[in-house]
Amino acid sequence: RNPLADPYFLGVSAGAGLGATAAMVTRVAGASPGGGTSQAVPLAAFVGALCAVGLTCTLGSVGAKYRSPATLLLAGVAVSAFLTAAQTFMQQRNIEAIREVYSWLLGRLATSGWDDVLLLLPYSLISVTGMLVARRTLDVLAVGDEEAKSLGLDPQRARYLLLIAASLGTAAAVSVSGLIGFVGIVVPHAVRLLCGTGYRVILPLSALSGAAFLVLADLVARTVLSPAEIPIGVVTALFGAPFFIFVLRTTHRVAA
């Protein structure tokens with residue numbers, strides 16, 4: 001129910017960044033001969049992302065009998081700030097690894113291959129299937145917790161189960177591609193504006209449109225300054241930041 005919500009606000013990116021940085025600077029996963037990184041980096045990023053989301057959920061449920069989505073997002077912002085600070089400290093203590101870390105943090109698909117697809121597949125299937133099965137639950141949650149309870153739904157339990165499913169897929173994707181932000185802001189809101197608010201439509205179209213948007217961003221990143229390549233995260237931010245401002249202004253007008 002928060003129009004500005006994004007997977008990264010729950011600490012996914014910060015946790016993945018800290019995990020990947022730890023793997024790189026400790027040389028558990030050094031640079032491979034091909035210029036990429038070993039499988040220890042995606043694994044560390046995946047574990048870091050899931051731990052960050054778990055910490056966010058724990059903090060979001062402390063000291064309150066009723067946990068609102070806003071409380072959860074604020075906990076995510078706090079966790080992200082803390083983990084980002086820890087990551088920055090780790091980088092400053094290991095200057096020789098900064099170039100490799102920044103390359104991963106800005107996102108890239110150049111070193112991804114079919115092995116990464118197979119690595120992602122089980123987590124993606126679980127995440128996407130879980131979200132599609134729960135599309136009616138999302139429609140009920142959208143009308144408010146009181147209405148959901150009157151229909152026999154436990155809002156908090158449903159919210160956390162959906163959060164786990166979404167975080168699993170997000171963490172897996174981030175662990176392979178690095179941090180490519182703003183896709184979660186641009187695509188779902190664009191689909192909502194064009195196709196309405198029903199999650200039966202929003203979920204599958206967001207998945208397909210998000211993949212298409214990422215391919216387009218990768219194409220722009222590879223060609224606009226060819227033979228040099230721009231990090232994909234830079235391209236998506238150039239699209240996403242203005243769209244974020246648009247959504248913010250639209251939300252304020254509706255609230256007024």
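Which residues are buried in helix H4 (residues 98-105)?

Author: Quick housekeeping before we dig in. This is a predicted model, where local features need pLDDT of at least 70 and side-chain atom pairs count only at pLDDT 80 or more, while totals for chains, interfaces and linings use all residues. Numbering starts from 1 along each chain as its sequence is written, and side-chain values use heavy atoms, with hydrogens and water left out.

Now, your helix. The buried residues in H4 are Ile98, Glu100, Val101, Trp104 and Leu105. Buried here means under 20% relative accessible area, with exposed being over 50% and partly exposed in between, using a 1.4 Å probe and protein chains only. Those residues sit on the same side of H4, because they cover an arc of only 165 degrees around the axis; that arc is taken from the directions from the helix axis to the C-beta atoms. An α-helix has 3.6 residues a turn, so residues three or four places apart point the same way. After H4 comes Gly107, with a positive phi near 85 degrees. Helices here are DSSP runs (H or I, at least four residues), and they're numbered from the N terminus.

Ile185 has a relative accessible area of 2%.

On to helix packing, with H8 (residues 155-177) in both pairs. The axes of H2 (residues 40-60) and H8 come within 8 Å and cross at roughly 155 degrees. Axes are lines fitted to C-alpha atoms, for helices over the stretch in contact, with angles from 0 to 180 degrees between N-to-C directions. H2 and H8 are therefore roughly antiparallel, a label for angles over 145 degrees. Residues in H2, including Phe46, Leu50 and Val53, meet H8 residues, among them Leu163, Leu168 and Ala171; contact means heavy atoms within 4.5 Å. Across that contact, twelve residues are nonpolar, three are polar and none is charged.

Helix H5 (residues 114-133) packs with H8 at about 160 degrees, their axes 8 Å apart. That makes H5 roughly antiparallel to H8 as well. On the H5 side you'll find Asp116, Tyr123 and Ile126, among others, and on the H8 side Leu162, Gly169 and Val176 are included. This contact divides into twelve nonpolar residues, two polar and one charged.

Methods: Helix = DSSP H or I, 4+ residues; strand = E, 2+ residues; numbered from the N terminus. Parallel < 35°, antiparallel > 145°, perpendicular 65-115°, else oblique. Nonpolar A, V, L, I, M, F, W, Y, C, P; charged D, E, K, R; others polar.
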